[in-house]
Amino acid sequence: SPMTKSTPPPPPPPQPAQTTVVIQEEEILIWEGTTWPMLCLSPLFCSPVEWRISSRRIDYTYGCCASSMDSIDMRRITDIHFHRTCFQACCSRGTITIFSDDNVSPVIQLTTFNAKALYAQIRDAWTKSKIASVGNVR
């Protein structure tokens, strides 16, 4: 009688691993600069403000010898406003007012050159942060 070889059945295919992928948007620098609230007298009164605005937060340093720092998360902003006078428009300047639910600085103002374009970038980053925070609610 011929000898029959029996082959074992093939192993079951591997099951895909149960993984959760968390995607975080990269923080993008929108604008960095120094503003001079008292114009050319700002250095005499230690009042220049140093700004760093990213897609996630607004950081600014102010006061005598840069003694104070504050930060506002984009998700805490409640409204933004852009305004410029006729003179500012001629010089391509403007003022951006940012309203937030921050207890320390609920309203901050930034007056600079090319403010209209900066306003649009901040508004877009704020909108994206609101959409992202709604999408992350579980």
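Before going on, note what is on screen. This is a predicted model, in which local features need pLDDT of at least 70, side-chain atom pairs count only at pLDDT 80 or more, and totals for chains, interfaces and linings use all residues. Residues are numbered from 1 along each chain as its sequence is written, and side-chain values use heavy atoms, with hydrogens and water left out.

**Stop 1: the cysteines**

Stay with Cys86. Its relative accessibility is 68%, so Cys86 counts as exposed (over 50% relative accessible area; buried is under 20%, partly exposed in between, with a 1.4 Å probe and protein chains only). Now widen the search to the whole structure: it finds 0 disulfides (a disulfide is a pair of cysteine sulfur atoms within 2.5 Å). Cys90 is in no disulfide, and its nearest cysteine sulfur, that of Cys91, is 6.4 Å away. Cys90 is exposed too, at 69% relative accessible area.

**Stop 2: the sheet**

Switch to a cartoon view. Look for an open sheet of 4 strands in the order S1-S2-S3-S4, with antiparallel pairing. Strands are DSSP runs of E, at least two residues, and helices are runs of H or I, at least four residues, both numbered from the N terminus. Two strands pair if DSSP finds at least two bridges between them. The edges are S1 and S4 (68-73), each pairing on one side only.

Select residues 29-35 and 49-54. These are S1 and S2, which pair in the antiparallel sense over 6 bridges. Zoom in on Leu29: it stands opposite Ser54 in S2.

Next, select residues 57-62. This is S3, joined to S2 by 4 bridges and running antiparallel to it. A hairpin links S2 to S3 through 2 residues. Which residue of S3 stands opposite Ile53? Show side chains: Ile58 does. Further along the pair, Glu50 stands opposite Thr61 in S3.

**Stop 3: the helix**

Finish at residues 115-135. This is helix H2, and Ala132 has its place there. Is Ala132 buried or partly exposed? At 37% relative accessibility, Ala132 counts as partly exposed. Ala132 and Arg75 are 57 residues apart in sequence, and 9.2 Å apart in space, C-alpha to C-alpha.
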